[in-house]
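The sequence and structure come first.

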Amino acid sequence: MLQIKNLHASVEDKDILKGINLEIKAGEVHAIMGPNGAGKSTLSSIIAGNENYEVSEGEIFLDGEEISELAPEERAHKGVFLSFQYPVEIPGVSVTNFIKTAINEKRKANKQEEMPANEMLKLIREKSELLEMDRKFLSRSLNEGFSGGEKKRNEIFQMAMLEPKIAILDETDSGLDIDALRIVANGVNKLKNENNAVLVITHYQRLLDYIVPDFVHVLMDGKIVKSGDASLALELEEKGYDWIKAEIQ
Amino acid sequence: MELKEKLISSFMAFEEKIADVNTDLHEIRTSAIKNFENKGFPTKKEEAWKYTSLNAILKNDFSVFAKNENAIEFAEVKKYFLNDVDTYKVIFIDGKFSSYLSSTTHDGLDVCLMSSALTKPKYKMVIDEYFNKIASKEESLTSLNTAFSLEGAYVNIPRSKVVEKPIEIIYFSTGSEAALMTQPRNLIVVGENSHVQIVERHQSLNNNPVLTNSVTEIFAQKRAIVDYYKVQNDLQTANLIDNTYIAQKQDSHVSVHTFSFGGNITRNNLNFYHQGEHIDSTLKGITIIGDKQHVDHYTLVQHATPNCESHQNYKTILNDSATGVFNGKIFVEKEAQKTDAFQQNNNILLTDKATINAKPQLEIFADDVKCSHGCTIGQLDENAMFYMQQRGIPKKEAKALLMYAFTSEVTSSVKIPELKAKIARIIADKLGVNMGFDL
């Protein structure tokens, strides 16, 4: 589904990614872990098309199509979703109106009619219940005055509405208490099926107790230095990253 | 003949035509024209007009009065009105009252013509008490208006009256003159405990140049609530100098929202004077302009009494080579202890050629006050753009949404729902998007 080949990237002439190779197949859950500054968030931003980073080398394929030259919205229309670590506040635009716009822009790009209002309402009700969101929440301005947990829940709600092929969760666990974490993880697990894939970017192992990965990769200094199964995450939790550093050297 | 000379020489003929019952008015007008004669049109040499030049527009050969009574069909101008709410209407065409488009009243309150109020004996007491009492005697353009003051809206609301219907005051220009200058004069007196909502608009209907020099005096008595909205979305050939003077008594709340979306040169002189304690004044504005348009907001809040609040919030988005000015003066007199004055001015420049001149001025002579001001000039937040694009919203629409969000602190306090929706539609239109929902 998602293939990344020899990806190099920089921001303001500073090399951040130094040759990433990663293949995620439909139905899989991958996790990328690593110390601060390893390039985890850069990688997720680049997959989603953030124009502040320059891809100097390498390719990104989605279902066999090279997407690294596409605008962020074009990638979104093809099924890339990034749950932001710091979702942006947009006063004056309600959660409902924002997601309606997002869905209909996607449908427009894919040459579909706008979603009928009753269908939209039904979908919003269904997905907001999945995330245990209050009705009132939907008419509030997007992310304005939301708690950390509400923001993350709202991200996963949007993900549920948009049904992406590949969902990247960037530090979704940061700022969440245990209840919010459970709700968010439960939402992700329910949305997961054999036709989509999830990439979890995280500093801690905590979220992986709930969203169990098929593969865990360790990103250090712009490269994936080690890959393994879910047990690798536990090992990292226990021993930190220093032993891997030693292993590479 | 230069416009100044033309105006001065027209003055005598103008005065002769008016059947004043009130000899005081003659004196007011005479001393006003003298002040204008001495001072002339303001130039950039004056600090208050440093960033706004009238030179180019004064070169037009403006007619001082429209020669004919001109009519317009309601269907042609329907879109400039609020349509889903019942309103009182005081409508002018080329400076003259249009009874056909208006809907005035004397039933429990007066919503009618300034020309009646100035000339009929039964209004003399109100005119003597309020007319030209708060308007500046020094400022030359206000004096010019005072000299020629005859037509405009007259609103007098007795005490304890909640006016259910908003009042619309609209000045249309038909372009029947090659170029026309008008001097609209409004007087609004709101009695104790009374509430009123007023929408004012100036609208050209074709591209012949127009220069409107408007003066509005508003008196809010004790505990009165006045919400005043100025909609400025005029053609590129229309110029507006709006001089608004507001006097507030104890416990009154007055808000003025100014929406500046179009016109060639627009200057808003907005002045608040406090005459009692526990007064609340709100000044808010959204400016969205492009091309070579120019909007200058020049505000003054004169805190003269203790325990009063003022809140200013102006948002500006400038495209192309547009220029904006925000000059916000807060004056806190020595007696005005416990003043809470807040001023916020945020500006977004969409191009390198757009210019904003922002100048907060705080003059504080009391020692126990809370005054804060913030001013920002920036571009659109790239991170927010990326967020919206990531959700599939194309760049242009994402930009528009962000700009809408930027202005929402101002639109959110518009209390007439239809006006709010109308403003949102104008904003969406300005930003060139159709969001599929009412922003």
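In chain B, β13(B) and strand β15 (residues 294–303) run parallel and are joined by nine bridges. Two strands are taken as paired if DSSP finds at least two bridges between them; helices (H or I, at least four residues) and strands (E, at least two) are DSSP runs, numbered from the N terminus. In this pair, Ile265(B) has His294(B) of β15(B) as its bridge partner. Strand β13(B) also pairs with strand β11 (residues 238–249) of chain B, in the parallel sense, over ten bridges. There, Gln248(B) stands opposite His274(B) of β13(B).

This is a predicted model, in which local features need pLDDT of at least 70, side-chain atom pairs count only at pLDDT 80 or more, and totals for chains, interfaces and linings use all residues. Residues are numbered from 1 along each chain as its sequence is written, while chains are lettered from A and ligands numbered from 1 in the order in which they are written. The predictor assigns the complex an ipTM of 0.95 and a pTM of 0.87. For chain B the mean pLDDT (the predictor's confidence in each residue, from 0 to 100) is 94, and 98% of its residues reach 70 or more.

**Covered strands of chain B**

Strand β13 of chain B spans residues 265–275, and nine of its eleven residues are buried. A residue counts as buried if 20 or more other C-beta atoms lie within 10 Å of its own, as exposed if 12 or fewer do, and as partly exposed in between, with C-beta atoms placed from the backbone. Strand β10 (residues 225–233) of chain B is largely enclosed by the rest of the structure, because eight of its nine residues are buried.

| Strand pair | Bridges | Residues facing each other |
|---|---|---|
| β11(B) and β13(B) | ten bridges | Gln248(B) and His274(B) |
| β13(B) and β15(B) | nine bridges | Ile265(B) and His294(B) |
| β8(B) and β10(B) | seven bridges | Val196(B) and Val226(B) |
| β10(B) and β12(B) | nine bridges | Tyr229(B) and His257(B) |

Strand β8 of chain B covers residues 195–204, and strand β12 of chain B covers residues 253–262. Ser260(B) belongs to β12 of chain B. Ser260(B) is buried, since 27 other C-beta atoms lie within 10 Å. Leaving aside residues up to four places away in sequence, Ser260(B) touches Gln232(B), Thr266(B), Gly285(B), Thr287(B), Ile289(B) and Val295(B); a contact requires C-beta atoms, placed from the backbone, within 7 Å. From Pro121(B), Ser260(B) is 139 residues apart in sequence and 38 Å apart in space, C-alpha to C-alpha.

**Domains and the chain contact**

Chain B is divided into domain 1 (3–275) and domain 2 (304–377), with bounds from an automatic or database domain assignment. Their C-alpha centres lie 25 Å apart. Six residues from domain 1 of chain B and six residues from domain 2 of chain B make the contact. On the domain 1 side, three residues are nonpolar, three are polar and none is charged. In this scheme Ala, Val, Leu, Ile, Met, Phe, Trp, Tyr, Cys and Pro are nonpolar, Asp, Glu, Lys and Arg are charged, and the others, Gly among them, are polar.

Between the chains, the contact involves 20 residues from chain B and 24 residues from chain A. On the chain B side, α8 (382–390) and α9 (395–411) each supply at least two residues. The largest share of that side, seven residues, comes from α8(B). The chain B side divides into ten nonpolar, eight polar and two charged residues.

**Sheets of chain A**

Six strands of chain A form an open sheet with mixed pairing, in the order β6-β9-β10-β3-β11-β12. β6 (80–83) and β12 (223–228) of chain A each have a single partner strand, so one side of each is left without a neighbour in the sheet. The twist averages 20° from one strand to the next, where axes are lines fitted to C-alpha atoms, for helices over the stretch in contact, and angles run from 0 to 180 degrees between N-to-C directions. β6(A) pairs with strand β9 (residues 166–170) of chain A in the parallel sense over four bridges, and Ser83(A) stands opposite Leu169(A) in β9(A).

A second open sheet of chain A has four strands in the order β2-β1-β4-β5, with antiparallel pairing. Helix α1 (residues 40–48) of chain A runs at about 150° to β9(A) and at about 70° to β2(A).

Methods: Contact = placed C-beta atoms within 7 Å.
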